[in-house]
Amino acid sequence: MIFKQCLIDIRARLAALFRRVEIYERADEELQFHIAMLEQRMIESGISPTDARVLAQRQLGNTTRIKEQTLESWRYAFVDTLIRDFRYAVRVLLQARGWTLVVLLSLALGIGANTALFSGVNGLFLRTVPVENPETLVRLRSAGPNEMRRNSSGYGFSGKNAAGQDLRETTSYPIYQALRSANETLTDIAASAPAGNLNVIVDGKAELAAGYLVSGNYFGLLRVSPEIGRALSPEDDMASSAHVAMISYGFWMKRFGGRPDVVGRTVTANNRPVTIIGVTPARFTSILNLTDAGPDMWFPLAFDPALAPNPASNIRLKDATYWWVQVVGRLKPGVTFEQVRANLDGPFQNAARDSWSSHLASIPAEERALSENQNRNAVPSLEVDSAAQG
């Protein structure tokens, strides 16, 4: 109770500290009252009203200086009282150390929990992707049962739409290409996927770095300009292209000391030489998850097979039944989510069906005849919603 009373007293005094105008005006009112009283007495003694006013002002002195002195004396009294109250509060707390420790621990836990909660809410619901016009970004997902895939990577994302259908974050790379070909409502569509932790060697020193794969139009779609160097382009995202990568601002500072000559340097990623062509902006950490630090290195999707332990066995870029890339687009002016869905849902489902038909045609007849391969009919629909929060 004593501690609480001290806090209340301090809060009241802090509030009063900023009432300079009120104190100044009150002092002026009192001075004007004294001048009026002196003037009245002089008039009663036979002095003219004009002379009485002048003499009263002169007798009282410099009123502005008096008001300033009054304000200063109040301030000193406040500070002195505040210091004494603070010392008293400290003495009381030291006399009850156990109780003080409990209070401090409770405050620490409460502040920590609230900070963590706000950070999560801010990342998931409040903060938007640090790119130009994030409100125009949309993510393209699948909704409902899906028997058109054999393998998938969801990267931990799951949920349900308003109709209660299961949502999946990924699609296959060939289906992504089919969506781009059919697109009429988005300025463009880009694909991306986490590449996991990579073994990166810089100047002979090995370390783990978080990798991220993106289509060549990814940075152009998001309108993200590099800090230095250049961004990945569609020309980089080809099987015949030289192996290049961008690095994050944080990785640039941590591993290269922010040196501008990092552009053009060659490092090794999973035993593959890669040339650094640019650095992403400091605030940009991808659109995958706004609550983490983001990737360290960004590679074209075409580089995916080379990053695998056995490149010859990594054919997911061509496998339409392997759903692993996340797809994002940007709305054209005046276009709604429903218009995007009307444009792309049909091509999406047709591409999914075609992917399974192509897979059946590529396997032996006896395997094709198995019931688990023949009786696959469930095709998911396309879900279109905002990607402003990532």
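**Figure 1. Contacts across the whole chain of the predicted model.** Of the contacts between residues at least 6 apart in sequence, 74% join residues at least 24 apart. The model shown here, and in every view below, is predicted. The protein chain contains 12 helices and 15 strands. It has 390 residues, and 39% of them count as buried.

**Figure 2. Close-up of the crossing of helices α6 and α10.** Helix α6 covers residues 173-182 and helix α10 covers residues 337-362. Their axes come within 9 Å and cross at roughly 145°. The crossing is right-handed. On the α6 side, the contact is made by Ile 175, Ala 178, Leu 179 and Ala 182. On the α10 side, Asn 343, Leu 344, Pro 347, Phe 348, Ala 351, Ala 352 and Ser 355 take part. Sorted by class, the residues of this contact are nine nonpolar, two polar and no charged.

Figure 3. Tyr 176 belongs to helix α6. Is Tyr 176 buried or exposed? Its relative accessible area is 2%, and because buried means under 20%, Tyr 176 counts as buried. Not counting residues up to four places away in sequence, Tyr 176 touches Thr 171, Ile 189, Ala 190, Ala 191, Ser 215, Asn 217, Val 325 and Val 327. Tyr 176 and Phe 348 are 172 residues apart in sequence, while their C-alpha atoms are 8.4 Å apart in space.

Figure 4. Strand β5 consists of residues 170-171, and Thr 171 is found in it. With a relative accessibility of 4%, Thr 171 counts as buried. Which residues are in contact with Thr 171, leaving aside its neighbours within four places in sequence? They are Tyr 176, Tyr 322, Trp 323, Trp 324, Val 325, Val 327 and Phe 348. Tyr 176, the subject of the previous view, also has Val 325 and Val 327 among the residues that it touches. Phe 348 takes part in the contact of α6 with α10 as well, on the α10 side.

**Figure 5. Close-up of Arg 316 in a loop.** Arg 316 is placed in the loop between α9 (304-307) and β13 (322-323). Its relative accessibility is 14%, so Arg 316 counts as buried. Apart from neighbours within four places in sequence, Arg 316 is in contact with Tyr 173, Leu 213, Asp 304, Tyr 322 and Trp 324. Asp 304 is 12 residues from Arg 316 along the chain, and the C-alpha atoms of the two are separated by 8.7 Å. Tyr 322 and Trp 324 are also in contact with Thr 171.

**Figure 6. Close-up of the second largest pocket.** This pocket has a volume of about 190 Å³. How many residues line the second largest pocket? The lining has 13 residues, of which Met 238, Ala 239, His 243, Ala 302 and Phe 303 lie nearest the centre of the pocket. By class, the lining is made up of 10 nonpolar, two polar and one charged residues.

Figure 7. Asn 133 is not a glycine, yet has a positive phi of about 50°. It sits in the loop between α5 (97-126) and β1 (137-143). The relative accessible area of Asn 133 is 33%, so Asn 133 is partly exposed. Asp 203, also a residue other than glycine, has a positive phi near 55°. The loop that holds Asp 203 runs between β6 (186-202) and β7 (205-214). At 55% relative accessibility, Asp 203 counts as exposed.

Figure 8. Asp 261 lies in the loop between α8 (249-256) and β10 (266-269). Its relative accessibility of 47% means that Asp 261 counts as partly exposed. Asp 261 and Gly 229 are 32 residues apart in sequence, and 9.7 Å separate their C-alpha atoms. Asn 375 is in the loop between α12 (371-374) and β15 (381-386). With a relative accessible area of 54%, Asn 375 is exposed. Glu 147 is 228 residues from Asn 375 along the chain, and their C-alpha atoms are separated by 9.0 Å.

Methods:
Residues numbered from 1 in each chain as written. Predicted model: local features only at pLDDT ≥ 70, side-chain atom pairs only at ≥ 80, totals over all residues. Heavy atoms only, no water. Axes fitted to C-alpha atoms, helices over the stretch in contact; angles between N-to-C directions. Helix = DSSP H or I, 4+ residues; strand = E, 2+ residues; numbered from the N terminus. Left-handed = near helix turned anticlockwise from the far one by under 90°. Contact = heavy atoms within 4.5 Å. Nonpolar A, V, L, I, M, F, W, Y, C, P; charged D, E, K, R; others polar. 1 Å grid on protein atoms, 1.4 Å probe; cavity = no way out; pocket = protein on both sides within 12 Å on 5 of 7 lines; lining within 4 Å. Points joined across faces, edges and corners; volume = space filled by probe spheres on them. Buried < 20%, exposed > 50% of the residue type's maximum accessible area, 1.4 Å probe, protein only.
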